[in-house]
Amino acid sequence: MARVYLSGELSALAGIQEIEIAANDIRSLLRALENDFPALKGHLSKGLAIAVDGEIVNAPLLETLSPASEVHFIPAIEAG
Amino acid sequence: MSEVKDYKWVGKRPVRPDGIDKVTGRANFSADFSLPGMLHGLILRSSYAHARILSMDFSKALAIPGVKAIISGTDMPLVAMEDAVIGGQPPNFRDLSANLLARDKVLYEGHAIAAVAATSLQIARQALDAIDIEFEVLPHVIDVQKAMEPDAPLLHENQFTQGIEPRPKIPSNIASRYEQVLGDTAAGFAAAEVTVSEEFTTQPVHQGYIELHSCTAQVSADGQAQIWCSSQGQFMIRAFCAHLLGMNISQIRVTPMEIGGGFGGKTTVYLEPLALLLAKKSGKPVKMQMSREEVFTSTGPASGSFISMKIGARKDGTITAAEGILCYQAGAFAGSPVRLGCMTAFAPYAIQNVKLIGYDVVVNRPKSAAYRAPGAPMAAFAAESLLDMLAIKLNMDPLELRLKNAAQMGTQAPYGPKFREIGYIETLRAAQQHPHYSAPLGPNQGRGVASGFWFNIGGQSSAAININEDGTAIVTTGNPDIGGSRASMAIMAAEVLGIDFDKVQPVIADTSSTAYSDLTGGSRVTFAVGMAVVEAARSVVAVLKQRAALLWEIPETEVSWSDGQASAVIKGHTSILSLADIAAQSANTGGPIAAQANINAQGAGPGFGTHICDVEVDPETGRVTVLRYTAIQDVGKAIHPAYVEGQLQGGAVQGIGWALNEEYLYDESGKMMNTGFLDYRMPVASDLPMIDTVLVEVANPRHPFGVRGVGEVPIIPPLGAVANAVARATGTRVFNLPISPPRLLAALNKKRGR
Amino acid sequence: MIYQAPGNIAEAIRLLSSNNQQIRILAGGTDLIPQMHTRRVNPQLVIDIKKIPETRSIQFIDGSYVIGSAVTGAELSEHLPLQRDWPGIVEAFDLIGSTQIQSRATLGGNLCNASPAADSVPALIAAQATCRIAGPKGERIIRVEDVVISPGRTSLQPGEFVVSFTLPTKHARSADAYLRLIPRTEMDIAIVGAAACLSLNEEGACQELRIALGAVAPCVVVAEKAAQILVGTRLDEKSLKQFSAAISAACRPINDKRGTIEYRSQVAGVLACRSAKIAFERASRNREGSLA
Amino acid sequence: MKNHVKAVVNGEPVEFLCEGTDTLLDVLRNELHLTGTKEGCGSGDCGACSVMLNNRLVCSCLVFGSEVSGADIETIEGMSKDGELHPLQQKFLDNAALQCGICTPGFLVAAKALLDRQPNPSESEVRYWLAGNLCRCTGYDKIVQSVLDVAADMTTGERR
């Protein structure tokens, strides 16, 4: 299980702000989210970054999750 | 994990490996490259802020002897909006293409319309003059608030505000709306005993790199292309050109020239695809270089902004809520960093209830580009001004107020996640203890403080280490050295290998000679590419131990490595083989010794800084003099402290310029009036005191040496620090940057009832 | 473009009058070359006057200084007697641009570029300097304030050029000063400039004062009425306040990228007071020196 | 019509042809291939193209190539003699007084001109002398410090 936090547009699309999802890594988490909330399809990567347990992760498909993990979807970070 | 130990090279200040070339004039920057028989390319740019292109006629220009090719928007293939992920962020290639060469409309003064290649610059100039274009001039809009009004001149008829449900049916200059909510701000403000709120504006500012954009391109008959240019990433240039022109990535080879400053402004393309097209069309190499005027009118500044913000607090200083609306100018195409402004504004503080709404707004100005900590300085200017106003209202020391609310490990950031190990409180304590903070002030003088936060990033990074036959090493990476990174890479390699710094030669390779790496930006190179270097060096050490074991005919596990040599206890005696000894025997032990590391670096530690600024104000003229300045920052671990200090000093001075004098000035027709360094007033040496620095080192546990990125944070606090100092010197606060003499005197007059 | 560097005045006049093609005079080039770089001007013939000896010397003739029009800022600053006698003119020119610009920029160029914000021009006008103009119809001497007639335009006739400047014989109890306001400390164009040239009577009060203001009108403003307010005073606070208001009232500035009407008018008053005070202090020292 | 010009650059006689509109900067970079002198603005506002012309510090973008007939020109390429760095060059390296390095040649030429005239300048004199040289990377701190350090070394006789 991991706790997923949605905000802004994503939360509006899914109609929720927080959800527990059983997933061992980000890939299965994304799959589960899109399955449960079809409205999110195509919106989970565009211009977004993912933070796992407070750390922003690049291209995070394979990032592993622990049962206590917190996952946030946040805007992508630009480079200066 | 990070280790606390005495390092041999990490933390020392050796001379950078590319230093001698750069002090003798031998280093080759972009414009220093040329090819025999090359043509010179120039760009025809719009002199209107907004106009429809009715017709273009190149016939007279093409008839001029020596004119070899002319291109316009129709020579660029139509590209999809987003068809590639580059360094984690897909640029909008359709917009980028239209920015490089306008198609049916010009959207700002300086927007490129056509490009010519000719046998000399003079002929190219004649050709530009001979191009006939018919325009229908359209009304334009420069100001961000005016652009948001329903009857404002519309830049894009097909742009509907994103982030609003249901999707609007009427097109708008507002490209998108972003909302960031934490907690319940209504409850937070209800719990507040004092509130402060204000409206702020900031002007676009240019990165101001001294090197003009320039590039040389060549295309062979079989379509193989080469580009020589400076940028913040040769792989970015390659990918962008390939996507924009419909080429295979393998067809393009980009050789990075030395880069004369970027600060985020060279994270995209302006000339390179045009030079490629001209080279292809003419069959000859083409060199292009912008003038300073072109750099100002046609390359991306940081966004200007309008910000309305409010904070509430209890009388003990606890901030209970913050809210605000941030409107950022994107320039002619969507994509301002307003979201990052919302994310960073209050990130230094543990505030339970924060609600920020961001609007990304297009206006008839050049497309904004990244500039050091994109989006953060203007938002922090508003937030840090409000904190200072709150401190004055509560009669609290401004550092105490910040300490009372400071984020620490476990604090939930306003954008969602909880911070891990961070060093913000340490910067505040260091500021309190710094002699600067308690030094006396004279009449008309004031002291301001402000803080700043930046995420920092990691990303895809590669490094290769080759051990030479004599025991020296080559470290090859794919990231331009924009401020001394060769030295950092060599230091980290020397540290892990255990050999002398000057035995390590760092090389920055072209795109065909090394593995992919994300661009140099976001303060990622010392952290992320450094991790790749460390990993490659550790692999080399493993190979060296294995080779030593072969030579000694013992198991590898019995070999240990330190100080650049393998050692083992053999038959009761300690035997030693130096790196050079092992390298000399490499043929006998399996061939050349080398290793490569290709990683996607994770775990960039966030950075926090706190700045102290003293100013003196001439009450009769409104001129502000910065008397003393101290920049304090958690840098994780400084690999080469002198270059880390340099990042803090340079960033602070760019921020001082942003606060005091830099701005884009437009006339009524939408033409920029200050397109040179004379009237775009960047700080000069005599404007400034020495910039004192304090490097706080709270190690980033995810980096082998504890490194955090350092380049972005230092430009964030100065806007607030300078404004707060001026407010405390005069009792008058300026909410609109820059605090130029006319603006400050007007504010002082108002206060005096004049 | 053709470059020519005549070696004497006659040759220069001949070239200047040779035909009616676009001609520009090159002195230091610090205004002309950037204008050509951005293609605001596109001359076919450029006549370099730096090879003409009369334009390149600083001489002291019959009690007054004659300064060649192509003398550079650096040369002015290095001329110690000139710096001692006319500190306002020297400091006004020294404020222009960087060290690099000072090596090239000339007194004649600063005048003939005809910018309302030229720093040396108010100082020359306050000092009542004249200039020697050579042309196809012979030579003439005119007041510096009669050269610039509007921004970018001078009263010079076709074929004419400025050869040199003459400063009046310096009064023993006099001094000049110049101040300007720029946002930075260097490298900017003046938002306001104020020159003061002042002489004291035997008792040490202000006997004569000329104030010339830059960047507050299309041409330099000589604020005669305002200056009268300080005549007879020792620049007491009350008189200065009155003077400052009169200076502000004498300004006819515009809003532009460098400053506003309100700002220019107000700060002109401030700077005029300050430069008058500096000139007064300098003159007082000169007076004490002449008494000693 | 091109002009034929003879001059001395870094002690060596040179000859070149230039267009009337060519600046000394154009000539140095494009004709003489001395690309150490940089172009940052073309208007004399950044100092990246600083060279010595007859012993005066100038922006080479504000001098016509045709004007330098018979002149003596020193560029960054002539600053180190016999393979030995000038003390300013060495100090810039020791102090990390450069980041990207594009402004560095101009700063070095300008700083040398200062120390040749005034071997013991104050911090303020250094800052005002160098005000015509823009640096966007360093905030000037380490550049100014380096010039002051070299001046101090020179006056205590450590130089040579």
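Reader: Is Cys61(D) buried or exposed?
Author: Cys61(D) counts as buried, because its relative accessibility is 3%. Buried here means under 20% relative accessible area, exposed is over 50%, and partly exposed lies in between, with a 1.4 Å probe and protein chains only. Cys49(D) is buried as well, at 4%.

Reader: How many disulfides turn up over all chains?
Author: Zero, in a search of the whole structure. A disulfide is taken as a pair of cysteine sulfur atoms within 2.5 Å. For Cys61(D), the nearest cysteine sulfur is that of Cys49(D), 3.8 Å away, and Cys61(D) is in no disulfide.

Reader: OK, and what are the ground rules for the model?
Author: This is a predicted model, where local features need pLDDT of at least 70 and side-chain atom pairs count only at pLDDT 80 or more, while totals for chains, interfaces and linings use all residues. Residues are numbered from 1 along each chain as its sequence is written, chains are lettered from A and ligands numbered from 1 in the order in which they are written, and side-chain values use heavy atoms, leaving out hydrogens and water.

Reader: Back to chain D, then. What's the strand order in its five-stranded sheet?
Author: The order is β2-β1-β5-β3-β4 in an open sheet with mixed pairing. Strands pair if DSSP finds at least two bridges between them; strands (E, at least two residues) and helices (H or I, at least four) are DSSP runs numbered from the N terminus. At the edges are β2 (12-18) and β4 (56-59) of chain D, each pairing on one side only.

Reader: How many bridges join β1 to β2 in chain D?
Author: Seven, and the two strands run antiparallel. Among the details, Ala7(D) has Val14(D) as its bridge partner in β2(D).

Reader: Which strands does helix α1 of chain D lie across?
Author: Helix α1 (24-31) lies across β1, β2, β3 and β5 of chain D, at about 105 degrees to β2(D). Angles run from 0 to 180 degrees between N-to-C directions, with axes fitted to C-alpha atoms, for helices over the stretch in contact. Helix α3 (104-117) of chain D packs on the sheet too, touching β3 and β4, and its direction makes about 40 degrees with that of β3(D). Contact means heavy atoms within 4.5 Å.

Reader: Switching to the interface: how much do chain D and chain C bury between them?
Author: About 2200 Å², with 61% of it on carbon and sulfur atoms. That's the accessible area (1.4 Å probe) that the two parts lose on being put together, summed over both. Chain D brings 31 residues to the contact and chain C brings 27.

Reader: And how many salt bridges between them?
Author: Four between chain D and chain C. That means a side-chain nitrogen of Lys or Arg within 4 Å of a carboxyl oxygen of Asp or Glu. One of them links Arg117(D) to Glu78(C), with the closest N and O atoms 3.0 Å apart.

Reader: Last stop, chain B. What's the order in the four-stranded sheet?
Author: β19-β18-β17-β23, open, with mixed pairing. β19 (504-508) and β23 (593-601) of chain B are at the edges with a single partner strand each, so one side of each has no neighbour in the sheet. β18 (473-477) and β19 of chain B pair in the parallel sense over five bridges.

Reader: Which strands does α16 of chain B lie across?
Author: Helix α16 (525-552) lies across β17, β18 and β23 of chain B, running at about 145 degrees to β23(B).
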